[in-house]
Amino acid sequence: MTKKGYFGEFGGAFLPEILVATFEELEREFTAIKSDTEFWNLYQSLMSNYSCRPTPLTYAENLTQHLGGARIFIKREDLNHTGAHKLNNVMGQGLMVKRMGKGRVIAETGAGQHGVATATMAAKFGFKCTIYMGETDVIRQRPNVFWMNRLGAEVVPVTDGTRILKDAINEAFRDWVSNMDDTHYVLGTACGPHPFPEMVTFFQSIIGKEARKQVLDQTGKLPDRIFACVGGGSNAMGIFSGFLEDPVELIGVEAGGKGLSTHHHASRLCSDDASLGVAQGYKTFFLQNDEGQMNETHSIAAGLDYVGVSPVLSHLRECKRVRFSAATDEEVIEVMKLTMQKEGIIPALESAHAFVQAFKEAPQMSQDQIIIINQSGRGDKDIFTIADAFQDPDWNQFIINKAEQYHA
Amino acid sequence: MLKQYIAEKLKQKDILLMTHIVLGYPNMEASIQLIDIMVEAGVDLMELQIPFSEPIADGPIILKANQKALENNVTVKECLEKAAEMTVKHSIPFLYMSYFNILYKYGLQAFIEKMSADNIQGAIVPDLPPEEGTDYIQWMKENKRAPIFIYSPNTSNERMRVLSSHGDGFIYCVARKGVTGKKTQFSSEIDDYLKRCRNTTSLPLALGFGVKEKSDIDFLKGKADIAVVGSETIKIMNEKGFNAVADFISNLSA
Ligand SMILES: Cc1ncc(COP(=O)(O)O)c(C=O)c1O
């Protein structure tokens, strides 16, 4: 009897018996494709034809001048199809679903990005699709629900628990234990039972592979630091994995919410509120109480609002390979304003967390140093949330008028 | 020991009845009262679920019961205290059912030693396969507690044997795919499945998930050793109250 999928003491596969056979199948499939260069070539060509890969690495000249320190480069996952890095993982798993001969996919979603990406993949590959989404997230990310429906997916609002991402994951597992024969669960981040953390990282590593080549082409050297936001950890692992063997400092930025001292946050790796635990099929740091019940989390960014974190990142923190910090809701809004005004780029609320920490450190660095920020997604699709955060009176009036039209 | 108790009981009845309740639901006092009622009505063993915020293998009824218990601020500590009182008060064996994080955060060894001190005979931890449970199995055995493992219809014969080699007390056979609380068709498929289970273990077999009525239990006679009724009693309590639960259990265990 061997334990599988451990990164240091983190990870594993804490599975109900009913899913053991399904995970064995998935692991076999993943083992087969991960060393198969033909599969990777197929994946890469799909991502360059159907989506915009390689996504650009943009030199942010104005921000660099404004902050007056390190040269800032932005990896543009916002230009990936469906507007975030999520599609990388989803298309990869979609190709696996085809190989496994299944006809239905299910997924959880927080921000709605992963749900939209999964619904998109299902439409393209002709799979049936059900998306589980916490009721709170359905409300705050309504436009994404609209798109999932239009793309042909059924969206099930989850009314149990705290009604956010973790509850959607539980519900997706409950579907899977009934329907595993024909259904694959497209887990959206580098969490959950083995092989998901490794498999999601594998598909997202396309970000890091591209970024490494691009930064060398453009500057002739490796970056000094790389910043990525951390929800479950997939975009961070995606870019970090291209540089793990290099002398490059890696920084993960978590949701600081209303401030770490308020306990209204979602920081598992840089706050004292988290401890080691086992839930949702894997062992990692969770925001939980002394008796092991999960706490409520808070972030302005639905995609970062999660109690657990990738076991791979927990491990990389323990070995001090990745450093972690947190950005508050308020800092995120300020940084979004600056980025839009200086560069004409609209980061997703999630991604803006990485910008916050990068902007704190860049001015302290020298002008011949280089940093890369992973812009995991675009913010314009979150117009309702962002407009609320900006408290834009003209927008509010527009919504009021619009509502009146519907009443009429 | 649990295994001996089951063997002794089976000399008197064709099939035993195990029920499942969630400690602290609808509140602690009522859940304790429910135990009294069930024991009085003739159940042979009971599973006491310690509530967890992420009960991934449970269906809507038990899931809501877990949530409600936690909303009532029921603590693990309190659950263990009450369970200890129950083993003094009643002579049937009690088992814990919970998810691994509850044991892990308590301190696995401390939890098992507490089980031993409180005379809780075994535990069902649905998200702890033996691969992840080496310490658990060892400490359960050292403390003479029964680690109860689960078979499912898609568990291979080979794996059933592995699970059996680590288990004690009995094997919990899940009747079908899915979560607790949905309907199960009691048909020849269950027959074949139980035969397959029987061939892989010398431990008694419990069958659960979807057992709702007397005819289900009659169907299982001679095929399984223990029938497990979970969501249905919770549903009856929710809809019709305690007296209805007493009648329901008396009828099942008759
Ligand atoms: C744009 C964007 N960035 C980041 C995340 C966080 O996820 P992860 O940490 O897996 O990259 C999400 C999740 O929904 C997202 O939509």
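**Entry 1: basis**

I note that the model is predicted, that local features need pLDDT of at least 70, that side-chain atom pairs count only at pLDDT 80 or more, and that totals for chains, interfaces and linings use all residues. Residues are numbered from 1 along each chain as its sequence is written, chains are lettered from A and ligands numbered from 1 in the order in which they are written, and side-chain values use heavy atoms, with hydrogens and water left out.

**Entry 2: the two domains of chain A**

I read the bounds from the domain assignment, which is automatic or from a database: domain 1 covers 7-48 + 84-196, and domain 2 covers 54-80 + 206-389. Their centres, taken over C-alpha atoms, lie 22 Å apart. I found 38 residues of domain 1 in contact (heavy atoms within 4.5 Å) with 40 residues of domain 2. About 3,200 Å² is buried between these domains, and carbon and sulfur atoms give 62% of that area. Buried area here is the accessible area (1.4 Å probe) that two parts lose on being put together, summed over both. On the side of domain 1, Phe10(A), His85(A) and Arg140(A) lose the most area to domain 2, together 20% of what that side buries.

I counted one salt bridge between the domains (a side-chain nitrogen of Lys or Arg within 4 Å of a carboxyl oxygen of Asp or Glu). Arg140(A) also forms a salt bridge with Asp305(A), with 2.9 Å between the closest N and O atoms.

**Entry 3: chain A against chain B**

I then turned to the two chains. Chain A and chain B each bring 40 residues to their contact. The area buried between them is about 3,300 Å², with 53% from carbon and sulfur atoms. I found four salt bridges between chain A and chain B. Lys64(B) and Asp160(A) form a salt bridge through their side chains, at 3.3 Å from N to O.
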